[in-house]
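Subject: Structure handover

Hi,

Here is the structure I promised to pass on. My notes follow below it.

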Amino acid sequence: MATGEKTGGFTCCVPGCFNNDKCNRGVSFYKFPKDKKLKKIWLQRISRRDFKPTNGHRVCSQHFEGGKKTYMNNVPTILPLSKTNQKMNTRPRRTLIRVKTSARPANTIPSDGSSEAVIEGGKELTDRDAPLAAEPIHLEEKLEKLQNEMKVLSIKNEGFQNQIESLKFWIPLIYWFG
């Protein structure tokens with residue numbers, strides 16, 4: 001170890017945050033408050049199961065509004081995984097619909113009201129995914145429209161460049177004879 005090199009250091013104890021004082025030099029690290037009520041609020045917000053902070057645990061400044069802890073802003077509110085200890089919503093799994101590869105063209109949605117859709121390769125879709133089959137066609141149209149718009153703007157830009165060159169020629173002459 002080189003002389004004068006710092007040992008140890010701080011790492012943010014908020015779940016999903018990996019800031020530490022060696023890699024993130026512009027980030028401040030704050031101790032847990034001594035006030036029991038405020039400490040309890042911090043622990044609820046951080047949402048770590050069975051967590052008892054020690055003197056070495058820190059919360060980084062990126063979890064406070066404005067990027068720093070102040071007298072009025074003394075509770076961490078920006079938490080990436082704030083719902084980690086809550087039960088996940090367990091909805092029933094959606095049912096899959098077998099897609100028949102038929103004479104119908106790929107990437108089309110049936111007009112007979114059925115919930116089947118044909119996708120290239122005969123992949124399985126749910127009835128919720130069927131509207132996505134038309135999505136590539138819509139995006140291709142949008143891409144073409146944006147490319148045309150870019151061409152028009154490029155032509156306008158060339159016109160402006162020509163006007164600038166013309167002005168560079170005429171302005172000195174105006175001052176010379178004016």
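Two rings of Phe, Tyr or Trp (the six-membered ring of Trp) count as a pair if their centres lie within 6.5 Å. By that rule there are six aromatic pairs. Bear in mind that this is a predicted model.

One of the pairs is Tyr 30 with Phe 64, edge-to-face, at 5.4 Å centre to centre and 80° between the planes. This pair links distant parts of the chain: Tyr 30 sits in strand β1, Phe 64 in the loop between β2 and α2, 34 residues apart. Both Tyr 30 and Phe 64 are buried. Phe 169 and Trp 170 also pair edge-to-face, with 5.0 Å between centres and 85° between planes. Trp 170 is partly exposed, because its relative accessibility is 49%. Tyr 30, Phe 32, Trp 42, Phe 51 and Phe 64 make up one aromatic cluster.

Next, helix α1, residues 36-46. Leu 38, Trp 42 and Ile 46 are buried there. Viewed down the axis of α1, its buried residues fall within an arc of 75°, so they line one face of the helix. They pack against β1 and β2. Lys 36, Lys 37, Lys 40 and Gln 44, on the other side of α1, are exposed. Ser 47 follows α1 and has a positive phi, near 60°.

Last, Arg 58, in strand β2. Arg 58 is buried but has no salt bridge. The nearest side chain of opposite charge is Asp 21, 8.3 Å away. A polar atom of the Arg 58 side chain does lie 2.6 Å from the backbone oxygen of Asn 55.

Best wishes

How values were computed
Residues numbered from 1 in each chain as written. Predicted model: local features only at pLDDT ≥ 70, side-chain atom pairs only at ≥ 80, totals over all residues. Heavy atoms only, no water. Helix = DSSP H or I, 4+ residues; strand = E, 2+ residues; numbered from the N terminus. Buried < 20%, exposed > 50% of the residue type's maximum accessible area, 1.4 Å probe, protein only. Lys, Arg positive; Asp, Glu negative; His and termini not counted. Salt bridge = Lys/Arg side-chain N within 4 Å of Asp/Glu carboxyl O. Polar contact = N/O pair within 3.5 Å; in protein donor to acceptor, adjacent residues only side chain to side chain. Arc of directions from axis to C-beta. Contact = heavy atoms within 4.5 Å. Phe/Tyr/Trp six-rings, centres within 6.5 Å; stacked < 30°, edge-to-face > 60°.
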